[in-house]
Amino acid sequence: MDRDSIDRLGAELAAAADAAADTAALEAVRVAALGKKGRVTELMKGLGAMAPEARRAAGQSLNQLRDRIEAAIAARAEAIRRRDRTAKLAEEKVDVTLPVRPTAEGKLHPVSQVIDEVTEIFAAMGFVVAEGPDIEDDFHNFTALNIPPEHPARQMHDTFYLAGGAGSNAPPLLRTHTSPVQVRTMQAGPPPYRIVVPGRTYRRDSDQTHTPMFHQIEGLAIDRSITMGHLKGCLEEFARAFFESDQVRMRFRPSHFPFTEPSAEVDINYTVENGVVRVGAGERWMEILGCGMVHPKVLEMCGVDPAQWQGFAFGMGLDRIAMLKYGIPDLRTMFEGDLRWLAHYGFSPLDLPSFGQGLSR
Ligand code: PHE
């Protein structure tokens, strides 16, 4: 084969490579040229029959031919790869500035919404969220909170006990309040503490205004000089922010809890207009929380020196304030899992409560 024909063949095969539309077509070009029975391969097979002089010259041109075609194929492969990637990127492009489509189904339960709102309010005051287990032991739920075994408060808690516990070991139980997380927090590290603890709580109680499972949020603030005045300020600020009204009034009534001294229960004012509850108006009072200054014995039992540290705690019923704020008339419907109820009272999971946007927008 002379030089000219080799050049022509090279041009023809390189053009075929350039024209290949995709990887499969390009592979076909490669096989037809360089495969076992490819045109270049066939030419190379003919070298063996040539005289040495001619073979060297022909061998050189055929090697150049093969290099040229390999280079054309590689260049085309790279071009195809780029083209495909560009197309893929264009196809997968997302316009992140488009508004998210609202979800048709799936609503946030009012209790979840209220937990988000309440923690947002206390977070803005410098509290952080802490959590603890639903299944507690006797020490954290009672003893460390100054409720020793023979204390009458234990009866009032209507505790669900679990199987287990032998000899002097009391059985595990479902926590009757979120207060054991006060104990766990103090045991976990040194003061100061500023925590809020939302969570499920359990008591053997079921009627129009009680469900065996309900929700509380605990607050604990311990530092060197925290007073009842701080407690009052925080709770009043909370009530105004949560009910989104400056009109809400609070009433602190003296009370008793074994783990606080002094102790108070807090009511807010409300009225009922045409069957709808309105908070922050009228002269009716509704109890929403218990609170007080953490008892020195509790601090001591948790390893905190009461001569150096003091502060307040509160425990608030979340279900009740959810009902008050969102006009839900019956507590028990909150936990029936009825989707129609949730469609009516639920919240969009995309609207996170924040002060910037309005808490319950
Ligand atoms: N744990 C109390 C209850 O469930 C509420 C409370 C918490 C009272 C913290 C005072 C301080 O009734």
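Predicted model: local features only at pLDDT ≥ 70, side-chain atom pairs only at ≥ 80, totals over all residues.
User: Which residues make the contact between α1 and α2?

Analyst: On the α1 side you've got L13, A16 and A17, and on the α2 side L26, V29 and A33.

User: What makes the residues in this contact nonpolar, polar or charged?

Analyst: Just check the residue types: Ala, Val and Leu are among those that count as nonpolar. The contact of α1 with α2 has six nonpolar residues, with no polar and no charged ones.

User: Okay, on to the rings. How many aromatic pairs are there in the whole structure?

Analyst: A search finds nine. One of them is F122 with F238.

User: Why do F122 and F238 count as a pair, and what kind is it?

Analyst: Their ring centres are 5.3 Å apart, and the cut-off for pairing is within 6.5 Å. The planes are 15 degrees apart, and under 30 degrees counts as stacked, so this pair is stacked.

User: What does the F122 and F238 pair tie together?

Analyst: F122 lies in helix α5 (residues 110–124) and F238 in helix α9 (residues 228–242), so the pair links parts that are 116 residues apart in sequence.

Technical notes
Residues numbered from 1 in each chain as written. Heavy atoms only, no water. Contact = heavy atoms within 4.5 Å. Helix = DSSP H or I, 4+ residues; strand = E, 2+ residues; numbered from the N terminus. Phe/Tyr/Trp six-rings, centres within 6.5 Å; stacked < 30°, edge-to-face > 60°.
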